[in-house]
Amino acid sequence: MFDPPEAWVWDFWVVDDGEQYHLFFLYASRALKNPEARHYRASVGHAISSDLTCWTRVTDALVRSDVPAPDDLATWTGSVIQGPDGLWYLFYTGATAAPNGANVQTICYATSPDLYEWTKAPGPILRADPRWYELLSDGQWHDEAFRDPFVFADPAGNGWHLLITARANHGPSDDRGVVGHAWSPNLTDWELRPPLSRPGQGYGQLEVFELVRLQGRDYLVFNCLAGDLSAAHRASGTTGGVWLAAAESPLGPYDLAGAQLVTGDDLYVGRFVTARSGAPVFLAFRNAGPGGTFMGGITDPLPVSVVNGSVSVG
């Protein structure tokens, strides 16, 4: 397990360069005392491993910028892809403070020749557009949710896509969570597009997307705890956790209303990673411990099984 004693560790993403696994993770010092304060002190750390179990920490990837900047409050969750020229691109969430303790989130990126030394590009490259997406000024949510970019190559070779945690600009306030979408021809110039899902599927927000293919079938991985479910969905008694929605293609449609819950709230931000054996394994961070206290730290790999389209881990 990756659990440095001096820091809380939570959201993360994994990159395989063919020789090493690279773990990028949000962390904040335990000297804050209150784990809920970690979000506004988040930096992006970096560790490497050959087996997804024993990790060696290396130089941090990103820290927040000086004021004023789109990431002058914190650097939050993202994803990494290698471009056709060999350059690595890290797309991440920039958070900046707004009045009354709120924050505004935008999409930023940095580049690296080797996954170790990162240079931020001027940003942000994407922000919520009121044509499709809710803004903080709409007064419906506690922040301007527009974060967690997940990047992937277009299946037909037509550029690249980002999936983004976002909220629609219409619908009940507790049920506006959608899969935000942007497209690029070259990984640097991005065009924001309408969401790939509709509001009203049972989620106030869907966090930290990932696409995974298991036994020949596409799934959208997302994360949502009970407090961010719609009231109607919460009434079912679910704790929330890591969810898996069947996908007709990487760009949808996604069966969000019929998504299966693969963990409880003890684990969060699930990632499916291909082990060196070729088998999929599952990692997540430890969320709720005894009495609901925040734990932190990333699990060792857990086995994945798929039976008749139903996925289980552990």
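Reader: Which residue in S8 does alanine 110 stand opposite?
Author: In this predicted model, alanine 110 stands opposite lysine 120, which belongs to strand S8. Strand S7, made up of residues 103-112, pairs with S8 in the antiparallel sense, and the pairing runs over 2 bridges.

Reader: And what holds strands of a sheet together in general?
Author: Strands of a sheet pair through backbone hydrogen bonds, and the pairing can be either parallel or antiparallel.

Reader: OK, so in what order do the strands of that open sheet come?
Author: The open sheet consists of 4 strands in the order S5-S6-S7-S8, and their pairing is antiparallel.

Reader: Which strands stand at the edges there?
Author: Those are S5 and S8, and because each of them has a single partner strand, one side of each is left without a neighbour in the sheet.

Reader: Switching topic, where do I find cis peptide bonds?
Author: One of them is the bond from valine 67 to proline 68, with omega near -5°, and proline 68 sits in the loop that runs between strand S4 (56-62) and strand S5 (74-82). Another cis bond leads from glycine 123 to proline 124, where omega is near 5°, and proline 124 belongs to the loop between strand S8 (119-120) and strand S9 (146-153).

Reader: Is aspartate 148 buried or exposed?
Author: Aspartate 148 counts as buried, because its relative accessibility is 4% and the cut-off for buried is under 20%.

Reader: And where does leucine 187 lie?
Author: Leucine 187 lies in the loop between strand S11 (177-184) and strand S12 (191-193). Leucine 187 also has a positive phi, near 75°, while being a residue other than glycine, and with 0% relative accessibility it counts as buried.

Reader: Last topic: how many residues are in the largest nonpolar core?
Author: The largest nonpolar core has 44 residues, and those with the most contacts inside it are Phe24, Phe25, Val80, Leu90, Trp118 and Ile298. Apart from that core lies another one of 23 residues, including Ile81, Ile125, Leu162 and Ile164.

Reader: Let me follow up on phenylalanine 24, what is it in contact with?
Author: If its neighbours within four places in sequence are left aside, phenylalanine 24 is in contact with Asp11, Phe12, Trp13, Val15, Val44, Gly45, His46, Ala61, Val80, Leu90, Leu115 and Trp118.

Notes: Residues numbered from 1 in each chain as written. Predicted model: local features only at pLDDT ≥ 70, side-chain atom pairs only at ≥ 80, totals over all residues. Heavy atoms only, no water. Core = buried A, V, L, I, M, F, W, Y, C linked by side-chain atoms within 4.5 Å. Buried < 20%, exposed > 50% of the residue type's maximum accessible area, 1.4 Å probe, protein only. Contact = heavy atoms within 4.5 Å. Pairing = 2+ DSSP bridges.
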